[in-house]
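Welcome to this tour! Keep the model open in your viewer, and select each stop as we reach it.

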Amino acid sequence: MLLAIERIFARLTRRGRLMTKRACDRHGHVLRTGRFLFHTPTAWEYAAAVACGSDPGAQRWLGWLPDSIVEEPTRADALRVVPGTGPDWKHPDVFSIDLVAIDVAAGRCVGLVSVHAGEDGGPETGGYLAPDYRGRGVGRELFTAGLLLAHEHLGLTRVRAGAEVGNVASARSLSAAGMVRAPGPPTYRLPNGRATEAWWFQHDVPRTSTCDGPQATWCVQPARL
């Protein structure tokens, strides 16, 4: 019984530490926008974030491989993960910096945003939300967090994003976050192999900063004109 109590206390202490963390360190990043907290996920939080994008509505645009999609009833269980709990995430994508989006007031994981290497090696941002957080203007905060991560934490002067032609909600969210339309390849291929027409967006800043969190050393910085 004593051991069980100690384990519960350790888990709750870890949760409190993660949810009140204010600065980035070698273990991960943290930032806030409005009502949402974004931080490097634990393994359980990452599972919850993946579940947020595993429904058919999201997969219409994301096009993940079947073994990457969380199916029901596992999806419902993953979405009930309490933020701040779970072991460290041991196997992150080596070409992506991912942050789980947390609605602090609701106490739940609601999506994921990333800065990752695009096909040309340059930095791109992208993300998705749980079904009940779509269509509520939250996409703006999600992509704003992606831009903050790129410019103020990773020292990147330019970040791009792609959206499938017809994905008006994503395009509006990217524009609302401050990104502007930019030239780019007319098509791109989703993970499941489907080729789609693409809209491209871009955001540039003259000055950047880096934090104490893990850095995107794999990103190719754009040449200055």
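Start by selecting Thr33, which lies in strand β1 (residues 30–33). Helices (H or I, at least four residues) and strands (E, at least two) are DSSP runs, numbered from the N terminus. Is Thr33 buried or exposed? Thr33 is buried, because its relative accessible area is 10%; buried means under 20% relative accessible area, exposed over 50%, and partly exposed in between (1.4 Å probe, protein chains only). Now show what touches Thr33: leaving aside neighbours within four places in sequence, Thr33 is in contact with Phe38, Glu141, Thr144, Ala145 and Leu148. Contact here means heavy atoms within 4.5 Å.

A word on what you are looking at: this is a predicted model, where local features need pLDDT of at least 70 and side-chain atom pairs count only at pLDDT 80 or more, while totals for chains, interfaces and linings use all residues. Residues are numbered from 1 along each chain as its sequence is written, and side-chain values use heavy atoms, with hydrogens and water left out.

**Next stop: strand β3**

Select residues 96–103, which make up strand β3; 8 of its 8 residues are buried.

Two strands pair if DSSP finds at least two bridges between them. To see one of these bridges, pick Phe36, whose partner in β3 is Asp103.

Leu99 has Val113 as its bridge partner in β4. The hairpin of β3 and β4 has 4 residues between the strands, and Gly107 takes a positive phi there, near 65°.

**Next stop: aromatic rings**

How many aromatic pairs does a search of the whole structure find? There are 5. Rings of Phe, Tyr and Trp (its six-membered ring) pair if their centres lie within 6.5 Å; planes under 30 degrees apart count as stacked, over 60 as edge-to-face and the rest as tilted.

Select Tyr46 and Trp89: their ring centres are 3.9 Å apart and their planes are at 20°, so this pair is stacked. The pair links distant parts of the chain, with Tyr46 in helix α2 (residues 43–52) and Trp89 in the loop between α4 (74–79) and β3, 43 residues apart. Tyr46 is partly exposed at 27% relative accessible area, whereas Trp89 is buried at 19%.

Move on to Phe95 and Trp218, an edge-to-face pair with 6.4 Å centre to centre and 75° between the planes. Phe95 is in the loop between α4 and β3 and Trp218 is in the segment after β9, so the pair ties together parts 123 residues apart in sequence.

**Last stop: helix α6**

Select residues 168–176, helix α6, and colour its buried residues: Ser170, Ala171, Ser173 and Leu174. Why are they on the same side of α6? They cover an arc of only 165° around the axis, the arc being that of the directions from the helix axis to the C-beta atoms. The face turned away from this buried side carries the exposed residues Ala169 and Arg172. Show what covers the buried residues, including α5 (138–153), β6 (158–164) and β9 (195–204). Finish at Gly178, which follows α6 and has a positive phi near 110°.
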